[in-house]
Amino acid sequence: MTITGQVLKPLVDIGDSPADCWEWRGTINKNTGYGKKTFNGKSLLAHRWMYETIVGPIPEGLVINHKCSNTKCVNPHHLEVVDQAGNCRHGKGTKLSVGEVLEIKAAKTNKKWGDGARLAKKYNVTSALIHDIWNGRAWADV
Ligand SMILES: [Zn+2]
């Protein structure tokens with residue numbers, strides 16, 4: 001399913017850049033501060049729904065952490081998958097955490113020449129891996 005701005009507009013306040021929070025316009029749970037959405041008769045957390053719609057399924061047992069601390073925010077760039085203890089998930093022989101992979105993916109939006117090498121240095125991985133992430137050849141499930 002391809003999500004376009006038109007689909008999202010009635011649901012969220014989309015900012016001008018990936019750095020802006022996308023605030024949920026639907027129901028907000030007064031106790032938790034999280035947005036709620038009803039989908040196929042089930043009540044879902046709005047940020048989890050958004051993450052799964054745009055990024056992909058959330059692995060079993062893992063939770064979504066708001067990096068921006070704004071519980072109403074459903075911007076997938078501000079969400080990271082963590083386990084209940086907040087530990088990083090490691091896999092595919094890399095040293096990257098899911099949060100870092102999401103940051104790398106977010107950086108693709110406005111990437112400039114040299115960003116691959118810059119990110120590779122920042123995260124201490126090869127620039128080939130950065131490009132593999134951008135092209136969906138690595139960490140496609142994140
Ligand atoms: Zn946010």
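Two residues are in contact if their C-beta atoms, placed from the backbone, lie within 7 Å. The model discussed here is predicted.

Q: Leaving aside neighbours within four places in sequence, which residues is E80 in contact with?
A: E80 sits in strand β6, residues 79-83. With neighbours within four places in sequence left aside, its contacts are N65, K67, V98, G99 and L102.

Q: Is E80 buried or exposed?
A: A residue needs 20 or more other C-beta atoms within 10 Å to be buried. E80 has 22 C-beta neighbours inside 10 Å, so E80 counts as buried.

Q: How far apart in space are E80 and V142, C-alpha to C-alpha?
A: In sequence, 62 residues separate the pair. In space, C-alpha to C-alpha, E80 and V142 are apart by 9.1 Å.

Q: Is helix α3 roughly parallel or roughly perpendicular to helix α5?
A: Two packed helices are described by the angle and the distance between their axes. The axes of α3 (residues 98-108) and α5 (residues 127-134) come within 9 Å and cross at roughly 75 degrees. Angles of 65 to 115 degrees count as roughly perpendicular. That makes α3, relative to α5, roughly perpendicular.

Q: How many residues of the contact of α3 with α5 are charged?
A: Helix α3 contributes V101, I104, K105 and K108, and helix α5 contributes I130, I133 and W134. Five residues of this contact are nonpolar and no residue is polar. The number charged is two.

Q: What percentage of the residues in the chain is buried?
A: The chain has five helices and six strands. It holds 142 residues, and the buried share is 23%.

Definitions and conventions: Residues are numbered from 1 along each chain as its sequence is written. This is a predicted model: local features need pLDDT of at least 70, side-chain atom pairs count only at pLDDT 80 or more; totals for chains, interfaces and linings use all residues. Axes are lines fitted to C-alpha atoms, for helices over the stretch in contact, and angles run from 0 to 180 degrees between N-to-C directions. Helices (H or I, at least four residues) and strands (E, at least two) are DSSP runs, numbered from the N terminus. Angles under 35 degrees count as roughly parallel, over 145 as roughly antiparallel, 65 to 115 as roughly perpendicular and the rest as oblique. Ala, Val, Leu, Ile, Met, Phe, Trp, Tyr, Cys and Pro count as nonpolar, Asp, Glu, Lys and Arg as charged, and the others, Gly among them, as polar. A residue is buried if 20 or more other C-beta atoms lie within 10 Å of its own, exposed if 12 or fewer, and partly exposed in between; C-beta atoms are placed from the backbone.
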